[in-house]
Amino acid sequence: MFENLITALDWLGIIVFSLTGALVASRSQMDLVGFILLGTVTGIGGGTLRDLLLDIHPIFWIEQPIYVLVCAGVSILAFFSAHLVHPRYRLLLWLDAAGLALFAATGAERALGAGAHPIVAVIMGMITACFGGIIRDTLSQERSIIFSYEIYVTAALVAASSFVGLNAMGFGHEIAVSGAFLLGLVLRGGAIQFGWSLSRYRAK
């Protein structure tokens, strides 16, 4: 049951990330190919970079091309319906927050499974959760999410670190993933709902 839930949330995250990429394409008034490109790199970009850095072969979407097909399908649907999604962007932010938290935890888990050091696993969790969006923003020439005032990357850091920490303390897989997911979601959710942010450097 738990694994089925994680799989469902994983697919939800892929769909939502792809949709956010497609919405960026709509703001830039791109053609259908542009929608598919941004939607796909947002959906699978972080996981691809993670697998490349960890030398995991085959890369997850090469082993299961359904990931690419789903990203492309979501992007095509968004091309014809982006005007209906934009008014519900706040709901999309919450779904994105769930995807961010889950991908950070499962990305760290995949890294540990590949034999990576715990510190490396935390970094890989952050890459899995955030780098699809960073690639998307770079391609579309939008301000990157890493410069966001609200907490975003930090939520991924907390989720990935929490999973690695709970795993090191001997907690079971279900508790480690659930705890990391909830901590990341709460932190990102607070940023969405209350504008939480970290203090910033101010020139003296």
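Guide: Ser 144 counts as buried because its relative accessibility is 12%, where buried means under 20% relative accessible area, exposed over 50% and partly exposed in between (1.4 Å probe, protein chains only). The model is predicted, so local features need pLDDT of at least 70 and side-chain atom pairs count only at pLDDT 80 or more, while totals for chains, interfaces and linings use all residues. Residues are numbered from 1 along each chain as its sequence is written, and side-chain values use heavy atoms, with hydrogens and water left out.

Ser 144 sits in the loop between H6 and H7; helices (H or I, at least four residues) and strands (E, at least two) are DSSP runs, numbered from the N terminus. Setting aside neighbours within four places in sequence, Ser 144 contacts Ile 134 and Asp 137, a contact being heavy atoms within 4.5 Å. Gln 141 belongs to the loop between H6 and H7 as well. With a relative accessible area of 76%, Gln 141 is exposed, and its phi is positive, about 60°, although it is not a glycine. Most residues other than glycine have a negative phi, and most peptide bonds are trans. Gln 29, in the loop between H1 and H2, is not a glycine either and has a positive phi of about 55°. Its relative accessible area of 74% makes Gln 29 exposed. A cis peptide bond, with omega about -5°, joins His 57 and Pro 58, and Pro 58 lies in the loop between H2 and H3.

The expected span is 1.5 Å times one less than the number of residues. Buried residues of H7 include Ala 155, Ala 159, Phe 163 and Leu 166. The buried residues of H7 pack against helix H5 (89-113), helix H6 (118-140) and helix H8 (173-194). After H7 comes Gly 170, with a positive phi near 90°.

Not counting residues up to four places away in sequence, Phe 163 touches Ala 105, Ala 108, Glu 109, Leu 112, Ala 176, Val 177 and Ala 180. Together with Leu 100 and Ala 129, Phe 163 has the most contacts inside the largest nonpolar core, which has 44 residues. A nonpolar core is a set of buried Ala, Val, Leu, Ile, Met, Phe, Trp, Tyr and Cys residues joined through side-chain atoms within 4.5 Å. Helix H1 (2-27), helix H4 (66-85), H5, H6, H7 and H8 each give two or more residues to this core, and H5 gives the most, 9 residues. Apart from this core lies another, of 14 residues, among them Phe 35, Val 74, Ala 78 and Ala 82. H5 itself has 25 residues and spans 35 Å from first C-alpha to last, close to the expected 36 Å; just after H5, Gly 115 takes a positive phi of about 90°.

On a 1 Å grid over the protein atoms alone, a cavity is a set of points where a 1.4 Å probe fits but cannot get out; a pocket is an open set with protein on both sides within 12 Å along at least five of seven lines, and lining residues have an atom within 4 Å of a point. Grid points are joined across faces, edges and corners, and a volume is the space filled by probe spheres set on the points. The largest pocket holds about 490 Å³; of its 24 lining residues, Asp 10, Arg 50, Tyr 67, Thr 106 and Arg 110 are the closest to its centre. H2 supplies the largest share of the pocket lining, 7 residues.
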